[in-house]
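Subject: Structure for you to look at

Hi,

Here is the structure I promised to pass on. Please open it next to this email and have a look as you read.

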Amino acid sequence: MILGIVLVIAGIVALVVPYIVVTDTKQVLDLGPLSVEAKEQRVIPIPAVAGIVAVVAGLACVFMGRRRA
């Protein structure tokens, strides 16, 4: 039942937030005391279908957990 609740919450978050932004820091140049870093942002899209599937699976888990109890 707890897994179902977690899946429902994760599915709702996936439907509300369409993508995740990840920032990577890479060291471009290192000359002793001098170093240059570059930050690169990547956008990871979250498909709406994944959110819907997570909500449905979570509701099924909650329903099955209530039936057993």
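Below is what I found, starting with the overall fold and ending with a few single residues.

First, some ground rules: this is a predicted model, in which local features need pLDDT of at least 70 and side-chain atom pairs count only at pLDDT 80 or more, while totals for chains, interfaces and linings use all residues. Residues are numbered from 1 along each chain as its sequence is written, and side-chain values use heavy atoms, leaving out hydrogens and water.

**Overall fold**

The protein chain has 2 helices and 2 strands, in the order α-β-β-α from the N terminus. Helices (H or I, at least four residues) and strands (E, at least two) are DSSP runs, numbered from the N terminus. The chain is more spread out than a compact globule, because its radius of gyration is 20 Å, well over the 11 Å that the globule rule gives for 69 residues. That radius is taken over C-alpha atoms, and the rule is 2.2 Å times the number of residues to the power 0.38. Along the principal axes, the C-alpha atoms fill a box of roughly 65 × 25 × 10 Å.

Of the 69 residues, 13% count as buried (under 20% relative accessible area; exposed is over 50%, partly exposed in between, with a 1.4 Å probe and protein chains only). The chain exposes about 5,500 Å², with carbon and sulfur atoms supplying 69% of it; accessible areas come from the Shrake-Rupley method with a 1.4 Å probe, and for residues only the protein chains shown count as cover.

Ile12 sits in helix 1 (residues 2-16) and is partly exposed, at 45% relative accessibility. Ile12 also belongs to a nonpolar surface patch with Met1, Ile5, Ile9, Val13, Val16 and Val17, which together have about 630 Å² of accessible area. Patch residues have over 30% relative accessible area and no salt bridge; like charges are joined within 9 Å, nonpolar side chains (Val, Leu, Ile, Met, Phe, Trp, Tyr) within 5 Å. A salt bridge is a side-chain nitrogen of Lys or Arg within 4 Å of a carboxyl oxygen of Asp or Glu.

Val43, in strand 2 (residues 34-45), is exposed, with a relative accessible area of 54%. Leaving aside neighbours within four places in sequence, Val43 is in contact (heavy atoms within 4.5 Å) with Tyr19, Ile20 and Val21. The C-alpha atoms of Val43 and Ile20 are 5.8 Å apart.

Pro47 lies in the loop between strand 2 and helix 2 (48-68) and is partly exposed, at 49% relative accessibility.

Best wishes
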